[in-house]
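Look at the sequence and the structure first, then read on.

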Amino acid sequence: MSSLTMSVRLAVLHVLGILSLTCSSSGSELNVPAPISCGTRAADLPDSTQLVLCPANCTLWKLSVFGSGVYASISSVCGAGVHRGIIGVSGGPLEIQKLPGRTNYLSSYAHGVQSQTLSRWSGSFTVARTISSPMEVSSQTTSSTIPASGAVKKTVKKNLKKPAAAAENRDCQVDIALLLDSSYHIGQRRFNLQKNFIGRLAAMLKVGPDGPRVGVVQASESPRTEFYLGNYSMPKDVIFGLKEIAYIGGNTNTGKAILYTVRNFFNPEYGVRRGHPRIIVAFVDGWPSDNLEDAAVMARESGINVFVVSVAKPIPEEMGMVRDQDYMKKAVCKDNGFFTMSMPSWFSTNKFVKPLAQKLCSIDQLLCSKTCYNSVNLGFLIDGSSSVGDANFRLVLSLLSSIARNFDISDIGSRVGAIQFTYDQRLEFGFNEHTRKDDALRAIQNIPYMSGGTATGDAITYAVENLFQPRSMGMGKKFLIILTDGQSYDDVRGPAIAAQRAGITVFSVGVAWAPMEDLRAMASEPKDTHTFFTREFTGLEQFEQPIVRGICRDFTEPN
């Protein structure tokens, strides 16, 4: 048969399938499967939940299937049924459940069907086996006695009653990446037990669009994303997705997987929500093959809470093979016992599901959610005196915008404000005026040069009273960066001490004729790490990263 003839036949069957659905959807009972063609798409089905009957030999056609477990609605329904392993060459009934559209439909090969990736589609669906109710089965069996009608009604009512679906946990709005151990060490059998544990964890968490969201990354020789946060929005969908995951094998490169997840997984395009705590749960069977410390540092700096669940710890005879016996302490968000869990084996995990779910939902204890990048109030105090000049003033603004660019500026993240001073002070913009990073950077670059004298002490007092106001700041720590090029005409020591007593950490940056004595007087302790000086304005750019690192150091260390 030619490919053209096959295509024509498939198109005819597709139309006949739609006509069959249209005719059968009116007046037919819900439990009678409606015949469809091999090429019928979910988008062609009239109902959100429907029983359909796929014909035989759909496996002979080249059918379009997009996704794995959850499929885009432009997919062939029967093709999805074959991909899921529910029907084969002889066809059969399927139950179709329509779902909202989503992003990132993942490809996979199963049961002779290669599904395709799709970045986004407006509708989705799942396929499942049809399950006859007990009443239907019993009504078709022969019996010498006929039950009373009242008994039948009672039985029908009992059998048709469905358990209520568990509501999503809206008090636990966290985004979780689960790192499955797929190494040679765990093996196929324990890998399947691990997937079962994850399925029970998803049910215990009560995942949902407005509750916890979970995605899965496999950790082995090379990490691989199995599904993202936006792919599956219900516990049953997560379980479907887990069933599709195939065991890989390889070394236990957990550190590599954490780095991969930090860099690639937590992306808004993949279902990550702005302002919600981000969590990585790394499951390790035995011990990791690589170093976790560098990956853990990046995770912490990115505001991600790392948990490690260790299963089947090495016995004393194996300890010599463990690269770093303190890997759990170094990998987690904080070494306080909260972010670690140990299970003796994959064969006795039921009692650990609830405690782990409770930890993941204890939002107040997720200490790494707040970082120096997303939780600071950054004030700039800018010398606009005549000695600076317009060209050099632009170099000053360039340094300040470069510093600000390192931070996650938003209405729920870090905030930036600026004051320019001469003898007078001018509030260029407050902390609550530009809560988008692009707007804040543009506002810094557009500050007009004032020109005048230099009264730095009065400017510090003005900043404390007018910029660092609780009603306009975020919840983070307070930092003030003072940039000046000369001698102040007033006292700077007293106002700087008052600012520091108000909880403001001060960095002083001097250029040209700025006295080192004044710079050190204004700076917070230790003076050497909070004071910067250069002879030329062109040398200011060298201070960007030292100042950013200093802010992060002060953020993490106690005042």
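Helices (H or I, at least four residues) and strands (E, at least two) are DSSP runs, numbered from the N terminus. The expected span of a helix is 1.5 Å times one less than its number of residues. The model is predicted: local features need pLDDT of at least 70, side-chain atom pairs count only at pLDDT 80 or more, and totals for chains, interfaces and linings use all residues. Residues are numbered from 1 along each chain as its sequence is written, and side-chain values use heavy atoms, with hydrogens and water left out.

**Helix α11**

Helix α11 covers residues 390-405, 16 residues in total, and its first and last C-alpha lie 22 Å apart, close to the expected 22 Å. Its buried residues (under 20% relative accessible area, 1.4 Å probe, protein chains only) include Phe393, Val396 and Leu400. Among the elements that cover the buried residues of α11 are β15 (376-383) and α17 (544-556).

**Disulfides**

A disulfide is a pair of cysteine sulfur atoms within 2.5 Å, and by this rule there are five.

Cysteine 54 sits in strand β2 and cysteine 78 in helix α2, 24 residues apart. The link of cysteine 372 and cysteine 552 is right-handed, with 65° about the S-S bond. Cysteine 372 lies in the loop between α10 and β15 and cysteine 552 in helix α17, so the pair ties together parts 180 residues apart in sequence. Both cysteine 372 and cysteine 552 are buried.

Notes. Buried means under 20% relative accessible area, exposed over 50%, partly exposed in between (1.4 Å probe, protein chains only). Contact means heavy atoms within 4.5 Å.
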